[in-house]
Amino acid sequence: MFSPRSVIRGETSVSLPVCIDYLSFTVAGGDVGAIVLEAQAFLGVPVVEDRGRGLFGYRSSVDLGGYGIVAYGGEAQRGTIFVSITGEGCRRIADLGRVRTWAESLGARITRLDIAADDFDSVAVDIPRAIAAWRDGLFKVGGRPPKARCIDDFGSGEGRTLYVGSRQGGKLCRVYEKGKQLGDTESAWIRAEVELHAKDRVIPWEAVTEPTKFLAGSFPYFQFLSLVAERIRTIKKATAITIEAVARWVKLAAGKSINVLLQHFEGDVCELVFSVRRDGIPRRLKGWWGAEDRLRGDK
């Protein structure tokens, strides 16, 4: 589960453990009971409990001994099953490769993945250096630099936190004084973690079993963690460009006909659309639209 790598900072060499600190994914249908049983097995949880309520729009949910949740049911979720594993639950899993193999066999799609690195002695990472790195553009990955904010404890010893990016954008980095937040006011323990959401991106299952290189690829600041850095690229721009091309084609090929139909239906756009739409996906959109799957059910 942990993936230590050597880090060189001038003449200092340290090894930072990297781990998965949260995992959620959806399965497009399947046997809820079988999925709960498999989750129990890899978490080592003998008993589960019906929560008596739903979650994220799902009608029902089961608690996995406090280490995770399986949610299911509800017309709006279109038969999908949602599984979430907490950070503590992820640390209980002896073989994340087993989880990956099982989930991939079900066609599961990761909706959220948190990857964390711990610097117990603040040798390579701390708040001042992370802020300086943001100012130096080391959190910029194309386009404008992500927004940042710092929560200061003003010397209380409760710990500071730097946030870079946002959940709405699909990628949020937190660098915080973990030891202090756990109650040790003298602790040097710093945790740096990146929270990834399936927002305009497909998170590969490889990131679960080889998290270090994906953390290294999340922002330039973390490249020191690994000689190999894997960047999870967004697909929003490519999809938008393809959609625009389809719209232009429809306008040229059928724009005048649509205009006549709109008059025929007395301006009722919904009636017009339902009268001409067909099931399926245009060939040029397959791959983009299919991979993105409109990234539904992002949790």
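Trainee: What does the protein chain average in pLDDT?
Mentor: This is a predicted model, and its protein chain averages a pLDDT of 83, with 82% of the residues scoring at least 70.

Trainee: And where is confidence lowest, and where highest?
Mentor: Confidence is lowest in strand β1, residues 5-9, with a mean of 39, whereas β7 has the highest, at 97. Over residues 1-14 the pLDDT is below 50, although this stretch has 35 contacts in the model beyond near neighbours in sequence. The pLDDT is also below 50 over residues 287-298, a stretch with 28 such contacts.

Trainee: Switching to α1, how far apart are its end C-alpha atoms?
Mentor: They are 16 Å apart, which agrees with the 16 Å that the twelve residues of helix α1, 32-43, should span at 1.5 Å a residue.

Trainee: Which residues of α1 are buried, and what covers them?
Mentor: The buried ones are Ile35, Val36, Glu38, Ala39, Gln40, Phe42 and Leu43, and what covers them includes the strands β3, β6 and β7 together with the helices α2 and α3.

Trainee: Last one, Lys178: is it buried or exposed?
Mentor: Lys178, in helix α5 (residues 178-181), is buried yet has no salt bridge, and the nearest side chain of opposite charge, Asp21, is 6.1 Å away.

Trainee: So what is Lys178 in contact with?
Mentor: Leaving aside neighbours within four places in sequence, Lys178 contacts Trp189, Ile190 and Arg191.

How values were computed: Residues are numbered from 1 along each chain as its sequence is written. This is a predicted model: local features need pLDDT of at least 70, side-chain atom pairs count only at pLDDT 80 or more; totals for chains, interfaces and linings use all residues. Side-chain values use heavy atoms; hydrogens and water are left out. Helices (H or I, at least four residues) and strands (E, at least two) are DSSP runs, numbered from the N terminus. The expected span of a helix is 1.5 Å times one less than its number of residues. Buried means under 20% relative accessible area, exposed over 50%, partly exposed in between (1.4 Å probe, protein chains only). Contact means heavy atoms within 4.5 Å. Lys and Arg count as positive and Asp and Glu as negative; His and the chain ends are not counted. A salt bridge is a side-chain nitrogen of Lys or Arg within 4 Å of a carboxyl oxygen of Asp or Glu. pLDDT is the predictor's confidence in each residue, from 0 to 100.
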